[in-house]
Amino acid sequence: MTVTLSTTRAAPGVKAGKVLGASATTWFVTAAIGQVLFALYVAMFYGGAALSGNFQKWNDVLVGGYVRGGTVGNLVLAIHLLLAFVITVGGPLQLVPALRARFLPFHRWNGRVYMVTAFVVSLAGIYAVWTRGTAGGLAMRAGISLNGLLIVIAAATAWRMVLARRIDAHRRWALRAFILVSGVWFFRVGLMFWILANQGPVGIGKDFDGPFVRFWAYGCYLVPLAVLELYLRAHSGGGKNGRLVMATGLFLLSAITAIGIAGAAMGLWLPRLT
Ligand code: HEM
């Protein structure tokens, strides 16, 4: 399977372009595995508790979670969590070229579901942040709210571009939407990589508002977004050296992502399922 994250194909026979493509595929496969694990955790922990009627269990994890009698807020939170599962599974599927090529109707329908889900999950999240709260201080609230707004903008633009039949621009904006939607996932994976790399919770703070958390509240989507822009440039216009440097960076980021996923699975997700 080859994942082409870019919108234009590298000239055939250009080795640097192939190496860059391989690095993008390596990162994507790694991330897709990590996102499936995240989705499984959401389904098993939140879905499992909801199915057994034990909504209180959500608060083992959530700070501003289930409130007895708080019907509207609980409903918004439940919708957010349900759609978090849908979007985490649907996102990677949109980027698999073989699915796009062989099952175009699926790509179209999954894309529509993805865009609508992106709006609803973000708006529900923004509502939850400012009515119920979340871990960390103001940086976390402001950071994730900006993330939500950017998701809405990117998803709307991707949609507008496909309606205008500007397929190249549509793909670029859809990739930006995917990276932005993955912000909460990057937050967890990056946080666990940081803790593992530092062999302890350096810069986390006892109220979860230390310098690293304040930086990563924005960095979790702005840094991956910057990497995507560099990749798009290297792929479409970067010379041989630019492509090789980018490929090396993506291989390195794949290793970092894999370590972060292992950390998040072992440290955050699995313990809540046992
Ligand atoms: C679009 C992709 C998103 C996904 C996949 C997602 C997923 C999740 C998940 C899985 C949780 C449960 C926390 C956990 O178990 O780790 C959660 C909680 C939450 N999310 Fe999101 N989320 C997304 C976007 C957002 C956005 C944009 C906002 C706000 C602007 C937001 C606000 C919240 C809030 C407030 C909670 C409850 C936190 C707490 O009570 O501690 N989410 N989200």
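Is Phe55 buried, partly exposed or exposed, and what is its relative accessible area? Phe55 is partly exposed, and its relative accessible area is 30%. This report describes a predicted model, beginning with the ligand and ending with the aromatic residues.

## Surroundings of the ligand

The ligand is surrounded by 28 residues. The closest are Tyr41, Tyr46, Val63, Gly64 and His80. By type, the shell around the ligand divides into 17 nonpolar residues, 9 polar residues and 2 charged residues.

In the side chain of Tyr46, an N or O atom is 2.4 Å from a ligand oxygen. Val63 has a polar backbone atom 2.8 Å from an oxygen atom of the ligand. For Gly64, a backbone N or O atom lies 2.8 Å from a ligand oxygen. Two or more residues of the shell come from each of these elements: helix H1 (15–51), helix H2 (71–94), helix H4 (104–131), helix H5 (138–163) and helix H7 (183–197). H4 gives the largest share, with 5 residues.

## Aromatic pairs

The whole structure holds 16 aromatic pairs. One of them joins Tyr41 and Tyr46 in an edge-to-face arrangement, with 5.9 Å from centre to centre and 75 degrees between the planes.

Phe55 and Tyr66 form a stacked pair, with their centres 5.7 Å apart and 25 degrees between the planes. Both residues lie in the loop between H1 and H2, so the pair ties together parts that are 11 residues apart in sequence.

The residues of these two pairs belong to one aromatic cluster, made up of Phe38, Tyr41, Phe45, Tyr46, Phe55, Trp58, Tyr66 and Trp269.

## Charges over rings

Which ring does the charged end of Arg112 sit over? The ring is that of Trp109, and the charged end of Arg112 is 4.6 Å from its centre. An arginine and a tryptophan are also involved at Arg176, whose charged end sits over the ring of Trp173, 4.6 Å from the ring centre.

Key: Residues numbered from 1 in each chain as written. Predicted model: local features only at pLDDT ≥ 70, side-chain atom pairs only at ≥ 80, totals over all residues. Heavy atoms only, no water. Near = heavy atom within 4 Å. Polar contact = N/O pair within 3.5 Å; in protein donor to acceptor, adjacent residues only side chain to side chain. Helix = DSSP H or I, 4+ residues; strand = E, 2+ residues; numbered from the N terminus. Nonpolar A, V, L, I, M, F, W, Y, C, P; charged D, E, K, R; others polar. Phe/Tyr/Trp six-rings, centres within 6.5 Å; stacked < 30°, edge-to-face > 60°. Buried < 20%, exposed > 50% of the residue type's maximum accessible area, 1.4 Å probe, protein only. Lys NZ or Arg CZ within 6 Å of the ring centre and 35° of its normal.
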